[in-house]
Amino acid sequence: GGAQHEHIRELIRATPDQQNRYIRNNLPFNLFEVNSYQATADSAQPSAELEMNISVETFANKIGSRLMFHPNVLERYNNFVAADENRQQPVNISMAYHDVDEVTFNLPEGFVVEALPDSVGLNFDFGSYSAVISPSEDGTYLTYIREIAMNPATIPADEFDSFRETMNNIWASDNNQVVIVKK
């Protein structure tokens with residue numbers, strides 16, 4: 001929702017070739033097959049949804065009998081915010097957005113979960129963030145849900161350390177990994 005819905009609206013109006021190119025360019029995988037996708041947009045609000053079913057060839061890192069992977073494959077925050085003791089300028093967040101990503105991972109046959117990241121829930125002056133990963137009752141798949149809402153804000157220079165801590169907590173959560181092991 002918010003400013004980030006526009007690219008999905010553009011996708012809806014695109015030709016099938018442009019849609020395929022968009023999907024291929026915006027997923028972080030080298031070898032994958034798009035089984036299906038559907039894009040929809042709300043005509044009354046600035047929001048849109050893209051639903052995809054894909055099969056990924058090489059997704060996890062193998063270490064012995066374990067497989068490790070990042071559950072956040074769509075909108076991972078990759079910028080660790082460094083300390084700035086002499087900060088003079090405020091931080092300006094100019095655009096509001098609200099993203100909800102839900103990803104389901106089918107576990108390979110014969111694998112079980114060994115370690116999952118802790119759930120995270122953050123509320124801060126300029127937004128909120130949550131990330132939760134849950135196994136299915138039968139243990140055959142995992143569901144990861146990440147939600148982030150950012151509001152326009154100006155964070156004064158003297159509050160930079162608090163901003164930095166918040167953003168680095170988001171970075172840490174987004175870069176957590178799941179470990180599954182062959183039973």
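Which residue in strand 4 is the bridge partner of N61? In strand 4, that partner is M68. The views below come from a predicted model, in which local features require pLDDT of at least 70 and side-chain atom pairs count only at pLDDT 80 or more, while totals for chains, interfaces and linings use all residues. Residues are numbered from 1 along each chain as its sequence is written, and side-chain values use heavy atoms, with hydrogens and water left out.

**Figure 1. Overview of the protein, with three helices and 12 strands.** Helices (H or I, at least four residues) and strands (E, at least two) are DSSP runs numbered from the N terminus. The C-alpha trace spans about 55 × 40 × 30 Å along its principal axes. Of the 183 residues, 30% count as buried, a term that denotes under 20% relative accessible area, with exposed over 50% and partly exposed in between (1.4 Å probe, protein chains only).

**Figure 2. An open antiparallel sheet of four strands in the order 3-4-12-7.** Strand 3 (61-63) and strand 7 (111-115) stand at the edges with a single partner strand each, so one side of each has no neighbour in the sheet. From one strand to the next, the twist averages 30°; axes are lines fitted to C-alpha atoms, for helices over the stretch in contact, and angles run from 0 to 180 degrees between N-to-C directions. Two strands pair if DSSP finds at least two bridges between them.

**Figure 3. Strand 4 (residues 66-69) and its two antiparallel pairings, with strand 3 and with strand 12.** Three bridges join strand 3 to strand 4, and I63 has R66 as its bridge partner in strand 4. The two strands form a hairpin with two residues between them, and G64 in the turn has a positive phi of about 65°. Strand 4 pairs with strand 12 (residues 178-182) over four bridges; here M68 has V179 as its bridge partner. L67 and F69 make up the covered face of strand 4, whereas R66 and M68 make up the uncovered one.

**Figure 4. The largest pocket, with a volume of about 1400 Å³.** Of its 39 lining residues, the closest to the centre are M52, V73, L74, E102 and V103. Two or more lining residues come from each of helix 1 (6-13), helix 2 (16-26), strand 2 (48-56), strand 4 and strand 6 (97-106). The lining divides into 22 nonpolar, 10 polar and seven charged residues. Ala, Val, Leu, Ile, Met, Phe, Trp, Tyr, Cys and Pro count as nonpolar, Asp, Glu, Lys and Arg as charged, and the others, Gly among them, as polar. On a 1 Å grid over the protein atoms alone, a pocket is an open set of points with protein on both sides within 12 Å along at least five of seven lines, and lining residues have an atom within 4 Å of a point. The volume is the space filled by probe spheres set on the points.

**Figure 5. Aromatic pairs, of which the structure holds nine.** Rings of Phe, Tyr and Trp (its six-membered ring) pair if their centres lie within 6.5 Å; planes under 30 degrees apart count as stacked, over 60 as edge-to-face and the rest as tilted. F124 and F126 form a tilted pair, 4.6 Å centre to centre with 50° between the planes, and both residues are buried. The ring centres of F160 and F163 lie 6.0 Å apart with the planes at 40°, so this pair is tilted. Both residues belong to helix 3 (residues 160-174), three residues apart, about one turn of the helix, and both are buried. F29, F32, F59, F69 and F105 form one aromatic cluster.

Note on methods. 1 Å grid on protein atoms, 1.4 Å probe; cavity = no way out; pocket = protein on both sides within 12 Å on 5 of 7 lines; lining within 4 Å.
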